[in-house]
Amino acid sequence: MDSIVLNCHKKLLVSFDCAAMWVRDRSALLAALSLDATKNEYLRNAASDSGAVIDYKDWQLPLGRRFRALKLYFVLKSFGAVGLRAHIRNGVRLAQRFEDSIDASSLFEVVAKPKARFALVCFRLLKGGDEANELLRDMLNDAGEIHLIHTRLNLGEGEGVRTVLRLAIGGLEMQDQHINRAFSVVRLAGLRVCDQLGIQF
Ligand SMILES: *Cc1c(COP(=O)(O)O)cnc(C)c1O
């Protein structure tokens with residue numbers, strides 16, 4: 001592997017936006033993106049000329065950048081690796097809890113199973129197809145207590161590409177009771193969808 005990029009604004013408790021990137025060898029980036037400072041005199045300074053600092057302007061298209069690292073620094077300082085691990089593990093555990101409820105229900109099925117590991121659960125109403133799942137999404141989002149987005153996934157033979165709903169868990173204060181509540185809200189809306197579309201289950 002030559003590089004890793006991750007969105008810290010997903011699960012690492014920093015607000016949008018903050019992406020971290022590691023590269024094994026920065027020379028390819030520099031060859032593609034760096035400006036020749038000798039032709040842009042105003043960019044020159046002693047620290048850069050001596051090689052004492054890394055000039056991140058040479059790693060990207062714009063020259064300027066916001067100080068996104070500061071908020072990440074404070075999160076790392078206040079939570080530490082131990083605290084962040086605990087936060088991530090809690091999110092995965094809660095996703096597993098939601099997944100278990102979905103699994104145990106006769107209304108829904110979990111799709112793309114290993115997703116709970118990323119604190120994300122993809123699921124859908126077992127019956128009623130895309131129409132039912134889109135209605136369920138709109139019903140939940142209009143009610144406003146939870147917010148879900150959908151995606152289209154290829155569910156394989158006999159199914160093809162289908163609409164599924166995604167429950168993402170990211171908040172610091174999330175606890176079991178919120179997951180229980182989310183499932184109960186999803187289940188009740190699922191029952192209403194079946195009722196409305198005349199789906200037998
Ligand atoms: C977050 C996310 C995006 C958007 O990435 P940003 O860097 O936040 O713009 C796109 N696709 C998926 C699956 C994501 O989770």
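Ala-19 lies in strand E2 of this predicted model. Leaving aside neighbours within four places in sequence, Ala-19 is in contact with Leu-6, Asn-7 and Cys-8.

**Ala-19 and Cys-8**

- Ala-19 and Val-5 are 14 residues apart along the chain, and their C-alpha atoms are separated by 6.8 Å.
- Cys-8 is found in helix H1, and its relative accessibility is 2%.
- Cys-8 counts as buried because its 2% relative accessibility falls under the 20% cut-off.
- Not counting residues up to four places away in sequence, Cys-8 touches Leu-13, Val-14, Cys-18, Ala-19, Ala-20 and Leu-72.
- Between the C-alpha atoms of Cys-8 and Ala-20 the separation is 6.7 Å, with the two residues 12 apart along the chain.

**Largest pocket**

- The largest pocket holds about 660 Å³ of space.
- Its lining consists of 21 residues, of which Ala-19, Ala-20, Met-21, Tyr-56 and Arg-65 are the closest to the centre.
- Strand E2 (19–23) and helix H4 are the elements that give two or more residues to this lining.
- E2 provides the largest share of the lining, four residues.
- By residue class, the lining of the largest pocket divides into 13 nonpolar, three polar and five charged residues.

**Second largest pocket**

- About 310 Å³ of space lies in the second largest pocket.
- Among the residues that line the second largest pocket are Lys-10, Lys-11, Ile-88, Val-92, Arg-117, Phe-118 and Arg-166.
- Helix H1 (8–11), H4 and strand E6 each give two or more residues to the lining of the second largest pocket.
- The lining of the second largest pocket comprises seven nonpolar residues, one polar residue and four charged residues.

**Nonpolar cores**

- In soluble globular proteins, nonpolar side chains tend to be buried together.
- The largest nonpolar core has 29 residues, and those touching the most other members are Phe-98, Phe-108, Phe-123, Leu-125, Leu-136 and Leu-140.
- At least two residues of this core come from each of H4, E3, E4, H5, strand E6 (161–168) and H6.
- H6 supplies the largest share of this core, eight residues.
- A second, separate core has eight residues, including Val-14, Ala-20, Leu-72 and Val-75.
- Residues up to four places away in sequence aside, Phe-123 touches Phe-98, Ile-102, Phe-108, Glu-109, Val-110, Val-111, Leu-148, Val-164, Leu-165, Leu-167 and Val-186.

**Helix H6**

- Helix H6 spans residues 176–197 and has 22 residues.
- From its first C-alpha to its last, H6 reaches 31 Å, close to the 32 Å expected at 1.5 Å a residue.
- The buried residues of H6 are Ile-179, Ala-182, Phe-183, Val-185, Val-186, Ala-189, Gly-190, Val-193 and Cys-194.
- Covering the buried residues of H6 are elements that include helix H4 (68–104), strand E3 (108–111), strand E4 (120–125) and helix H5 (129–143).

Key:
Residues are numbered from 1 along each chain as its sequence is written. This is a predicted model: local features need pLDDT of at least 70, side-chain atom pairs count only at pLDDT 80 or more; totals for chains, interfaces and linings use all residues. Side-chain values use heavy atoms; hydrogens and water are left out. The expected span of a helix is 1.5 Å times one less than its number of residues. Buried means under 20% relative accessible area, exposed over 50%, partly exposed in between (1.4 Å probe, protein chains only). Contact means heavy atoms within 4.5 Å. A nonpolar core is a set of buried Ala, Val, Leu, Ile, Met, Phe, Trp, Tyr and Cys residues joined through side-chain atoms within 4.5 Å. On a 1 Å grid over the protein atoms alone, a cavity is a set of points where a 1.4 Å probe fits but cannot get out, and a pocket is an open set with protein on both sides within 12 Å along at least five of seven lines; lining residues have an atom within 4 Å of a point. Grid points are joined across faces, edges and corners, and a volume is the space filled by probe spheres set on the points. Ala, Val, Leu, Ile, Met, Phe, Trp, Tyr, Cys and Pro count as nonpolar, Asp, Glu, Lys and Arg as charged, and the others, Gly among them, as polar.
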